[in-house]
Structure formats: C-alpha cells, structure tokens
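Work through the following exercises with the sequence and the structure side by side. Try each task before you read its solution.

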Amino acid sequence: LKAKINDGIETVNSLKENNNNIAGRVAQIREDILQNVGATKDEVPFIGELIKVDDLEWESSIEKVLHNFALRLIVPEKYYQAVNKYVNSTNLKGRIIYERYKEFTSLKSLQNYPSDKNLLINKISFKSKSKYIDWIEDCVIKQFNYICADNLSGFNSLDKAITKEGLI
C-alpha cells in the first residue's frame with residue numbers, strides 16, 4: 001500500500017513538474033535523454049505537449065486515437081546522433097519512440113484541406129510557438145484523417161471514422 005501511495009505521489013509530482021499529462025517511465029526516460037544530450041524540453045518535446053483537443057465531447061476518443069503518436073518525442077537533427085547513442089547504450093527500463101526532425105517545409109498553403117467540422121484535425125489545435133507545428137499537423141492529416149461520426153449509421157458508412165465512445 002505504501003509503495004502504491006508513493007507511486008501515486010511520484011506521478012502527481014511528475015505531472016505538476018512537466019505541466020502535461022505524460023507521466024511515468026516514459027517521462028523519466030525523456031528527462032534522462034535531455035540530461036544526457038544537453039537539450040531542453042522545448043527542443044525535444046513529446047508530440048502530445050504540442051496538441052490540444054478543443055472539442056471536449058470528443059476529447060476522450062481523440063486522445064485514444066492519438067495516444068501512441070502523442071507519446072513520441074521529436075528529436076531535431078542536432079541531437080539525433082547523441083540520442084541514438086544514449087538510447088543504444090543504455091538500458092532504459094522502458095520504451096521510448098522518437099521521430100527524427102529535419103527542417104520541414106509545409107505544403108499547407110498549396111493544399112486545400114476540407115473544412116468539415118467533423119474531421120479530427122478540425123477538433124484539435126496546436127501550440128503555435130513551436131517550430132514543429134507544421135510537421136505535426138502534416139502527420140496528423142496524413143495518419144489520422146478520421147471523421148468524427150456522431151452516430152453508428154454515419155460511422156458504418158465511412159472508411160475511416162471514430163465515435164465519441166471510442167470506436168475506431
């Protein structure tokens with residue numbers, strides 16, 4: 001019981017310190033990586049730190065869809081080799097997935113994405129001050145182009161959809 005209480009206290013402290021919903025071993029692995037390579041949290045963020053679900057009715061199901069994606073770290077080119085070396089030579093006692101970030105040019109201005117309010121991309125927002133936003137938005141559009149279906153009949157007629165209850 002004491003161990004469970006201490007784990008709970010540690011999780012709450014981690015959430016407070018990181019100002020996000022990412023806790024546990026994955027958060028500690030990031031801290032270890034940052035300390036080892038000399039990077040900051042802004043330079044090597046979790047993708048989930050840069051995304052916010054705006055539609056509260058859809059928050060739970062959208063978070064389920066984006067969960068594994070949100071737990072990935074973005075590692076810019078200048079730290080990529082050092083992170084690889086650290087991860088390869090260290091028993092992380094857990095798992096971390098990271099994406100190599102090279103300079104990215106968005107084609108967003110050339111493309112017309114549908115403005116359908118039921119698209120997942122239109123129910124989330126991004127922290128605009130990060131240089132990674134265009135890249136993340138492009139990934140979400142390519143990989144998570146789900147339609148948020150209000151009912152099962154709509155869901156059944158779509159190729160890639162989610163329901164508020166979390167059916168994907």
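A residue is called buried if its relative accessible area is under 20%, exposed if that area is over 50%, and partly exposed in between. Keep in mind throughout that this is a predicted model.

**Exercise 1. Which residues of helix 5 are buried, and against which elements do they pack?**

Step 1. Locate helix 5, which covers residues 133-143, and note that 8 of its 11 residues are buried, so that the helix is mostly covered.
Step 2. Name the buried residues, which are Ile133, Trp135, Ile136, Glu137, Asp138, Cys139, Val140 and Ile141.
Step 3. Look at the surroundings: the buried residues of helix 5 pack against strand 1 (51-53), helix 3 (59-70), strand 2, strand 3 and strand 4.

**Exercise 2. Find the residues that touch the most other members of the largest nonpolar core, and say which element gives the most to this core.**

Step 1. Begin with a general expectation: in soluble globular proteins, nonpolar side chains tend to be buried together.
Step 2. The largest nonpolar core has 27 residues, of which Ile51, Ile62, Phe69, Leu120, Ile124, Ile136 and Val140 touch the most other members.
Step 3. Strand 1, helix 3, strand 4 and helix 5 each supply at least two residues of this core, and helix 5 gives the most, with 6 residues.
Step 4. Take Val140 as an example: not counting residues up to four places away in sequence, Val140 touches Ile51, Phe69, Leu120, Ile121, Ile124 and Asn145.
Step 5. Another core, of 19 residues, lies apart from the largest one, and among its members are Ile33, Leu34, Leu73 and Leu92.

**Exercise 3. Classify the ring pairs Phe69 with Phe144 and Tyr101 with Tyr132 as stacked, tilted or edge-to-face.**

Step 1. Recall that a pair of aromatic rings is described by the distance of the centres and the angle of the planes. Planes under 30 degrees apart count as stacked, over 60 as edge-to-face and the rest as tilted.
Step 2. The structure holds 4 aromatic pairs. In one of them, the rings of Phe69 and Phe144 have centres 5.2 Å apart and planes at 50°, and this pair is therefore tilted.
Step 3. Because Phe69 lies in helix 3 and Phe144 in the loop between helix 5 and strand 5 (147-149), the pair ties together parts that are 75 residues apart in sequence.
Step 4. Tyr101 belongs to strand 3 and Tyr132 to the loop between strand 4 and helix 5, 31 residues apart.

**Exercise 4. Is Thr163 buried or exposed, and which residues is Thr163 in contact with?**

Step 1. Thr163 lies in strand 6, which runs over residues 161-163.
Step 2. The relative accessibility of Thr163 is 4%, and because the cut-off for buried is under 20%, Thr163 counts as buried.
Step 3. Leaving aside neighbours within four places in sequence, Thr163 is in contact with Trp58, Ser61, Ala149, Leu152 and Phe155.

**Exercise 5. Where is Asp116, and which backbone nitrogen does its side chain reach?**

Step 1. Asp116 is in the loop between strand 3 (98-101) and strand 4 (124-126).
Step 2. With a relative accessible area of 33%, Asp116 is partly exposed.
Step 3. The side chain of Asp116 reaches the backbone nitrogen of Asn118 at 2.7 Å.

Notes. Residues numbered from 1 in each chain as written. Predicted model: local features only at pLDDT ≥ 70, side-chain atom pairs only at ≥ 80, totals over all residues. Heavy atoms only, no water. Helix = DSSP H or I, 4+ residues; strand = E, 2+ residues; numbered from the N terminus. Buried < 20%, exposed > 50% of the residue type's maximum accessible area, 1.4 Å probe, protein only. Polar contact = N/O pair within 3.5 Å; in protein donor to acceptor, adjacent residues only side chain to side chain. Contact = heavy atoms within 4.5 Å. Core = buried A, V, L, I, M, F, W, Y, C linked by side-chain atoms within 4.5 Å. Phe/Tyr/Trp six-rings, centres within 6.5 Å; stacked < 30°, edge-to-face > 60°.
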